[in-house]
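The sequence and the coordinates are shown first.

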Amino acid sequence: MRVFELLQEYRALEDLLNEIDPTTGEFINNEDVIKDYINNLNDTRDNKLDNIERLKREYEASSNALDSEIKRLQQFKKQKEKSIENLTSLQMILTQGEKIETSLYKFSTRKSKSVNILDESLIPDEYFKIKKEVSKTEISKAINSGVNVSGAEIVEKISLTVKWN
């Protein structure tokens, strides 16, 4: 089999991994189809492993690039929000608290009240929201010491380690 044909087969595998249900928009679980596809690929086990690892690394690089782009866009969004605040301040100065109607918009101001926290350490506990959060570490310690924790169990997992040769 030629390299180009193998590449096409691995790209077909990639398509199976990324198949989306058109009605729900969710990824389709093709686990059995993918296993069969891999087992029937006309390639050695070592090449299959290498090519799958290359595909994983390509996805990781793509994911990292998306993270960078998200951070850049978030910074850009913050700049736009700051510009909106500055422009609103300019409009407040221009209206001087008066109701003004232009040919396009109506401008007016209103008073409102909000709480400004000066020193959070002085606020009584009754005014804090308490977030209920499961401590997996504590549950693990309890189960390992013989305590039966309803709704939780210790599950043994197997992970793959990949290193460069």
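With which side chain does the side chain of Glu14 make a polar contact? In this predicted model, the partner is the side chain of Tyr59, at 3.1 Å. Glu14 belongs to helix α1, which covers residues 3–17. Its relative accessible area is 12%, and Glu14 is therefore buried, the cut-off being under 20%.

Helix α1 also holds Arg11. Arg11 has a relative accessible area of 33% and so counts as partly exposed. Between Arg11 and Leu55 there are 44 residues of sequence separation, yet their C-alpha atoms are 9.1 Å apart in space. Leu55 is one of the buried residues of α3.

Helix α3 comprises residues 45–95. With 51 residues at 1.5 Å a residue, α3 should span 75 Å; the C-alpha atoms at its ends lie 74 Å apart, so the two values agree. The buried residues of this helix are Lys48, Glu53, Leu55 and Thr95.

Asp43 is placed in the loop that connects α2 (31–40) with α3. Although Asp43 is buried, it has no salt bridge.

| Side chain | Partner side chain | Distance |
|---|---|---|
| Glu14 | Tyr59 | 3.1 Å |

Which residues form a nonpolar patch on the surface? The patch consists of Leu87, Leu90 and Ile93, which together have about 320 Å² of accessible area. Ile93 lies in α3, and its relative accessibility of 58% is the reason why Ile93 counts as exposed. In an α-helix there are 3.6 residues a turn, so residues three or four places apart point the same way.

Directly after α3 comes a positive phi of about 50°, at Gln96. Gln96 adopts this value although it is not a glycine. Most residues other than glycine have a negative phi. Gln96 is situated in the loop between α3 and β1 (100–101). With a relative accessible area of 63%, Gln96 is exposed.

Notes:
Residues are numbered from 1 along each chain as its sequence is written. This is a predicted model: local features need pLDDT of at least 70, side-chain atom pairs count only at pLDDT 80 or more; totals for chains, interfaces and linings use all residues. Side-chain values use heavy atoms; hydrogens and water are left out. Patches are made of residues with over 30% relative accessible area and no salt bridge: like charges are joined within 9 Å, nonpolar side chains (Val, Leu, Ile, Met, Phe, Trp, Tyr) within 5 Å. Accessible areas come from the Shrake-Rupley method with a 1.4 Å probe; for residues, only the protein chains shown count as cover. A salt bridge is a side-chain nitrogen of Lys or Arg within 4 Å of a carboxyl oxygen of Asp or Glu. Helices (H or I, at least four residues) and strands (E, at least two) are DSSP runs, numbered from the N terminus. Buried means under 20% relative accessible area, exposed over 50%, partly exposed in between (1.4 Å probe, protein chains only). Lys and Arg count as positive and Asp and Glu as negative; His and the chain ends are not counted. The expected span of a helix is 1.5 Å times one less than its number of residues. A polar contact is a pair of N or O atoms within 3.5 Å; within protein, one must be able to donate a hydrogen and the other to accept it, and residues adjacent in sequence count only if both atoms are side-chain atoms.
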